[in-house]
Amino acid sequence: MYHFFKAIIKFIVPRRWLSAIEPCLRNLVSIPYVGNQYQCNLCHFRMSQFVKKANGQLLCPRCESLPRTRRLFQVLTTQFDLTDKTVLHFSPPKSLSIRLNQLGLRQYITSDLAGEFKAQNKIDITAISEENNTFDLILCYHILEHVDQDEKALKELFRVLKPNGSVLIQSPFKEGEIYENSKVVKPKDRLRHFGQKDHVRIYSVNGLVSRLELAGFKVEVMTWSALESNPHGFKSKETTLLASKVT
Ligand SMILES: [Zn+2]
């Protein structure tokens, strides 16, 4: 119903008006979900249920945050002190970038090369246009599986991190080895082989840890399992890599 209602609105409202009236539309489409059982930790919307996407992910009907984005915000606010820190964020979900801008960062630089997310810059992760030792923290969620030269990207992330700085990395993961095949280039073939038409590989946790270590990082694997109570609609199982430039 949620997606049907949104599709109708997109059909009848001229495209040039959509962004201007977006906050009103979000309020409108989320009305049927108002309740007290769950709460989005990004936009604070309280609801009777999340919107369940076709892939099973729980979407916030107000800010459209994904479970991984809500978890990342919780991790950032409970395990990191971001006060006065310099942060680089690749492909930032809007709901998360709004909240991060409220946390007293020294500098918050956003980038999206493909132009799918609202961001200040279009930084090529394999040739980052920043000085060495610039960032305290880099957020790199669901980026590397799109990048042909990922080992070059990892070296660049290491280069622009300050000593003792960290990058939080997540991608889809599989068991076993990394799967990549340079002969698979057509979108429909990439969808079949890698799970999405613009992905170029599927990482395994161990495989990505090895590549990060080769680039010089010390890596901690952060995992979360199913929760008895899940008021913020997190994924039941999730893995993120915390890669640090330890000196
Ligand atoms: Zn929300």
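Modeller: A residue is buried if 20 or more other C-beta atoms lie within 10 Å of its own, exposed if 12 or fewer, and partly exposed in between, with C-beta atoms placed from the backbone. This is a predicted model: local features need pLDDT of at least 70, side-chain atom pairs count only at pLDDT 80 or more, and totals for chains, interfaces and linings use all residues. Residues are numbered from 1 along each chain as its sequence is written.

Colleague: Is Asn 133 buried or exposed?

Modeller: Asn 133 counts as exposed, because it has 12 C-beta neighbours inside 10 Å. Asn 133 sits in the loop between β6 and β7 (strands are DSSP runs of E, at least two residues, and helices runs of H or I, at least four, numbered from the N terminus). Its phi is positive, about 55°, although Asn 133 is not a glycine.

Colleague: And what is phi at Asn 164?

Modeller: Near 70°, again a positive value in a residue other than glycine. Asn 164 belongs to strand β8 (residues 161–170), and it counts as exposed, with 10 C-beta neighbours inside 10 Å.

Colleague: Turning to the sheet, what is the strand order?

Modeller: The open sheet of six strands runs β6-β5-β7-β8-β13-β12, with mixed pairing; two strands pair if DSSP finds at least two bridges between them. β6 (107–111) and β12 (218–224) each have a single partner strand, so one side of each lacks a neighbour in the sheet.

Colleague: How many bridges join β5 and β7?

Modeller: Three, in the parallel sense, with β5 covering residues 86–90. Val 87 has Leu 137 of β7 as its bridge partner.

Colleague: Which strand gives the core its largest share?

Modeller: The largest nonpolar core has 44 residues, and Phe 135, Ile 138 and Leu 157 are among those that touch the most other members. Such a core is a set of buried Ala, Val, Leu, Ile, Met, Phe, Trp, Tyr and Cys residues joined through C-beta atoms within 7 Å. Strand β7 (residues 135–141) supplies the largest share, six residues.

Colleague: What does Ile 138 contact?

Modeller: Beyond its neighbours within four places in sequence, Ile 138 is in contact (C-beta atoms, placed from the backbone, within 7 Å) with Leu 88, Leu 157, Leu 161 and Val 167.

Colleague: Finally, how is the chain divided?

Modeller: Into domain 1 (2–59) and domain 2 (67–244), with bounds from an automatic or database domain assignment. Their centres, taken over C-alpha atoms, are 26 Å apart. Nine residues from domain 1 and 11 residues from domain 2 form the contact.

Methods. Two residues are in contact if their C-beta atoms, placed from the backbone, lie within 7 Å.
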